[in-house]
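Please look at the sequence and the 3D view below, then read the briefing that follows.

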Number of protein chains: 2
Amino acid sequence: MNKTISDIIEEFIISSLDDDSFIELSRNDLAKFFACVPSQINYVLNTRFTINRGFMVESQRGGGGYIKVTRLMDTNENFLKSALNNCTEPVNLARGNQIVNTMQEKALLTKNEAEILKSAISNKALNNPINMENVMRSNILKQVILQLMKNNFHN
Amino acid sequence: MNKTISDIIEEFIISSLDDDSFIELSRNDLAKFFACVPSQINYVLNTRFTINRGFMVESQRGGGGYIKVTRLMDTNENFLKSALNNCTEPVNLARGNQIVNTMQEKALLTKNEAEILKSAISNKALNNPINMENVMRSNILKQVILQLMKNNFHN
DNA sequence: AATGATTAAAGGTCAAAGATAGTCAAACCG
DNA sequence: CGGTTTGACTATCTTTGACCTTTAATCATT
């Protein structure tokens with residue numbers, strides 16, 4: 001709704017990170033640009049650009065000082081890359097579920113999302129013998145919907 | 001029937017929910033508008049906008065604080081049943097996406113979950129001409145992983 | 001030219017003030 | 001009595017400013 005100055009600064013920094021994996025900022029210049037006190041920048045960095053949210057902040061004081069914000073490519077990305085590699089060849093049910101479970105462990109999927117996905121790749125969803133996308137798709141959706149019903153209503 | 005101020009606030013919020021599935025309110029502004037104490041708003045939310053009645057309330061304190069009221073369509077179960085019925089016959093891409101989008105609008109799927117699902121039923125995921133579960137599964141997973149990468153890493 | 005001292009230019013910390021929202025129990029009213 | 005209204009007190013998030021620390025640049029001395 002009503003964005004705070006902190007929200008706006010956050011957006012600015014994130015949008016500046018679009019292409020590069022890091023940027024260097026000047027705390028004072030940023031504060032001037034947004035007409036706020038310099039410590040406001042620290043507030044934004046401390047509350048928004050945490051490790052938990054996938055960022056790293058380094059800085060240097062003194063003349064020529066700077067603040068460097070890095071978007072972390074943590075092991076999650078490596079895992080996804082390797083999993084994607086796995087998918088260049090057929091994936092059986094056990095292996096598929098294992099991949100989904102690991103994604104959930106790594107918080108790349110919520111429990112709900114993992115359940116949705118596992119129902120999408122279940123044998124039930126995929127056991128269509130004929131080459132028909134629409135049929136396969138309807139099977140997948142059917143399974144997902146059944147799963148959602150189970151999640152949302154207890155019967 | 002003499003309406004109480006609580007009833008009137010309830011009606012106001014519900015009418016604000018016309019098309020959108022949620023709105024964000026300012027507790028203080030609303031209280032001022034209805035010339036009541038702010039905690040009156042909490043009373044209305046606690047007694048009228050319950051899960052049981054098909055609503056969800058989220059909020060944030062402090063500067064830029066807000067109250068977000070989401071309507072959880074109680075016709076959700078009916079919609080799922082009808083969608084499931086749809087899936088007894090082939091579902092083309094447009095129709096499939098439409099179903100997923102509606103599930104998202106009805107808060108049955110988060111944005112993330114909807115994206116996952118749409119990538120799972122995309123033409124890319126399903127265009128395998130041979131009757132092989134494992135191949136289809138790996139295709140689906142591949143698309144989902146690509147989507148997750150897009151969600152989690154900006155490149 | 002080398003070195004040590006001083007100054008200027010960053011960024012950091014923390015607590016108070018400001019801005020919202022939440023809780024709970026007493027008072028009120030039908 | 002049961003639902004509603006009110007307000008004092010509390011909790012949480014944001015903004016601000018005074019004071020602190022670190023580092024580069026400069027200056028003075030030998």
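Two strands pair if DSSP finds at least two bridges between them. Helices (H or I, at least four residues) and strands (E, at least two) are DSSP runs, numbered from the N terminus. This is a predicted model, in which local features need pLDDT of at least 70 and side-chain atom pairs count only at pLDDT 80 or more, while totals for chains, interfaces and linings use all residues. Residues are numbered from 1 along each chain as its sequence is written, and chains are lettered from A and ligands numbered from 1 in the order in which they are written.

**The sheet of chain B**

- In β3(B), Leu25(B) has Ile67(B) as its bridge partner.
- Ile67(B) also stands opposite Ser59(B).
- β1(B) and β3(B) run antiparallel and are joined by 4 bridges.
- β2 (residues 55–60) and β3 (residues 66–71) of chain B are also antiparallel, with 6 bridges between them.
- Together, 3 strands of chain B form an open sheet in the order β1-β3-β2, with antiparallel pairing.
- Its edge strands are β1 (22–25) and β2 of chain B, each of which pairs on one side only.
- From one strand to the next, the twist averages 20°.
- The hairpin of β2(B) and β3(B) has 5 residues between the strands, and Gly62(B) takes a positive phi near 75° there.
- Strands of a sheet pair through backbone hydrogen bonds, either parallel or antiparallel.

**Chain A**

- Chain A contains 8 helices and 3 strands.
- Starting at the N terminus, the order of its elements is α-β-α-α-β-β-α-α-α-α-α.
- Strands β1 (residues 22–25) and β3 (residues 66–71) of chain A run antiparallel and are joined by 4 bridges.
- Within this chain, Leu25(A) has Ile67(A) in β3(A) as its bridge partner.
- Strand β2 (residues 55–60) of chain A pairs with β3(A) over 6 bridges in the antiparallel sense.
- A hairpin with 5 residues between its strands is formed by β2(A) and β3(A), and Gly62(A) in the turn has a positive phi of about 75°.
- Of the 155 residues in chain A, 26% are buried (20 or more other C-beta atoms within 10 Å of the residue's own, with C-beta atoms placed from the backbone; 12 or fewer is exposed, and in between is partly exposed).

**Two packed helices in chain B**

- The axes of α5(B) and α6(B) are 9 Å apart and meet at an angle of about 170° (axes are lines fitted to C-alpha atoms, for helices over the stretch in contact, and angles run from 0 to 180 degrees between N-to-C directions).
- α5(B) is therefore roughly antiparallel to α6(B) (the term is used for angles over 145 degrees; under 35 is roughly parallel, 65 to 115 roughly perpendicular, and the rest oblique).

**Nonpolar cores**

- A nonpolar core is a set of buried Ala, Val, Leu, Ile, Met, Phe, Trp, Tyr and Cys residues joined through C-beta atoms within 7 Å.
- The largest nonpolar core has 18 residues, and Leu117(A) and Leu117(B) touch the most other members.
- The elements giving two or more residues to this core are α4 (75–86), α5 (93–105) and α6 (111–120) of chain A, with α5 (93–105) and α6 (111–120) of chain B.
- A second, separate core has 8 residues, including Val44(B), Leu45(B), Phe49(B) and Val69(B).
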